[in-house]
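Reader: Could you walk me through how this model is put together? I would like to go over its helices, its sheets and the contact between its chains.

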Amino acid sequence: MNPVLQVRALERRVGDVEILRRISLDVMPGEAIGVIGPSGSGKSSLLRCIAGLDPISGGEVLVEGKSARPGDGAIGMVFQQFNLWPHLTARDNVALALKLVRGMAAKDADAKAEAALAKVGLGALGGRKPAALSGGQQQRVAIARTLAMEPRVLLFDEPTAALDPELTTEVLDVIRALAASGVTMLVVSHEMGFVASLSTRVVFLDHGVVVQAAPPAEVFGGGGEPRVKTFLKTYLDRVAWTKDA
Amino acid sequence: MDFIAEALPPMLWAAGNTVWISAVGIALGLVLGVPIAVGCEARRAWALTYVSFFRGVPLLIQLMLAYYALPFLGIDLPAWFAATATLGLCCAAYMAEIIRGGFALVQKGGLEAARLLGLTPRQILLRIRLPIAIQAMRPAVINEAILIVKASSLVSVVGILELTRSSQAIASSTFEPLPAYALCGAIYLAMNLLLTLLARGKAA
């Protein structure tokens, strides 16, 4: 089986600062890659470079063997801040690209948008504008919008970072269901439990370098690199403190 | 009362000229304002020069240049054309700055999402940026529209009988300047209130 996504020696520099240093990664169909690491390690930059939103300084990104560029439909991305269009209803947010990019008739696009919204549990809320939806619902609309275009690879950039804990669950459940249905994805998240249970592989980034790329059992089960262990210990200490408090 | 009965019909007729000249000017300003705003945002010299010129030179002088100076270059414009075109071109410079301000309020993330979904730059401008910007810039656009309605009084210099000019004529022929100008002011006020209501109504 050939990889869906190939990242080869990807580099990104801004001035003298090296943000990503020769990152290589092959993602097989149906894989869910969890990307973790400290703030500023390059996780979001990696996703943005894969999506083509940030320029790369070296290397290449291939989707199904072909060079990817933004807007060709190969890669979909869900952002931390949802990035819905506030002047359109949830349904129109999902249907707009179907009409304009895919050239679907308005009726067909609306029907497909409704189906995508139903898939993320928002079937009844298609007529609402983003301002009338909760953060979790907005993020699910954003997922439906990306999903409706049927990208080969779906990127999630800290999809729950802007949500309070109660709303986080509903979004994570949707992502879990997608992963279970075989959607190929890369997920940047600080929700370690979620990453551990979702991912087929976990990539740990630090200072723009892949420190470890291994199955979650290995990364989280004590078999991690020293840098990874330090990071996870800090994280687990914080969780333990939260439990005690 | 006699004065009103006598003065109102010709003033309302002249106000009709004010309305259509302003309407064409505002519409032209809005339509031309979009590409100029895009040009200004990209720091294009033509757009920046355009805005500097039309904001920097008084509208009265622009009108005179269009009507009295262009014929020397062999361009002879009818008065109504010179008036509406100049008003529209001037309005476009201000609208461009308002639209540019509206663009700045549109979240970058929404545009990135649109780009990734495959929308073309033109689709992003017309379907995402502009509609979102319009929500934010509506008060400023209404403001500019009201200013244009009032500034349209200047087109009398090219010989068009609009509301202000007609009230001047009535004041000098009846020797009653106070009621003539009071009536003129009341008609402007009514027109601008109506304009504001229409713009707000459309918003709802």
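Author: The questions below go through the sheets, the helices and the chain contact in turn. This is a predicted model, in which local features need pLDDT of at least 70 and side-chain atom pairs count only at pLDDT 80 or more, while totals for chains, interfaces and linings use all residues. Residues are numbered from 1 along each chain as its sequence is written, and chains are lettered from A and ligands numbered from 1 in the order in which they are written.

Reader: Which strands stand at the edges of the open sheet of 6 strands in chain A?

Author: Happy to start there. The strand order is E6-E7-E8-E3-E9-E10 with mixed pairing (strands are DSSP runs of E, at least two residues, and helices runs of H or I, at least four, numbered from the N terminus; two strands pair if DSSP finds at least two bridges between them). Each edge strand has a single partner strand, so one side of each is left without a neighbour in the sheet; these are E6 (75-78) and E10 (209-214) of chain A.

Reader: What is the bridge partner of Gly34(A) in E9(A)?

Author: Strand E3 (residues 32-36) and strand E9 (residues 201-206) of chain A pair in the parallel sense over 4 bridges. In E9(A), Gly34(A) is partnered by Val202(A).

Reader: Which residue of E5(A) stands opposite Val63(A)?

Author: This takes us to the open sheet of 4 strands, ordered E2-E1-E4-E5 in chain A with antiparallel pairing. Strand E4 (residues 58-63) of chain A pairs with E5(A) over 2 bridges in the antiparallel sense. Opposite Val63(A) stands Lys66(A).

Reader: Is H2(A) parallel or oblique to H3(A)?

Author: Helix H2 (residues 90-100) and helix H3 (residues 106-119) of chain A pack with their axes 8 Å apart, at an angle of about 125° (axes are lines fitted to C-alpha atoms, for helices over the stretch in contact, and angles run from 0 to 180 degrees between N-to-C directions). Angles under 35 degrees count as roughly parallel, over 145 as roughly antiparallel, 65 to 115 as roughly perpendicular and the rest as oblique. The angle therefore makes H2(A) and H3(A) oblique.

Reader: Which elements of chain B give two or more residues to the side that touches chain A?

Author: Good one to end on! In this interface, 16 residues of chain B are in contact with 19 residues of chain A (contact: C-beta atoms, placed from the backbone, within 7 Å). The elements that give two or more residues to that side of chain B are helix H5 (108-116) and helix H6 (121-151).

Technical notes. Two residues are in contact if their C-beta atoms, placed from the backbone, lie within 7 Å.
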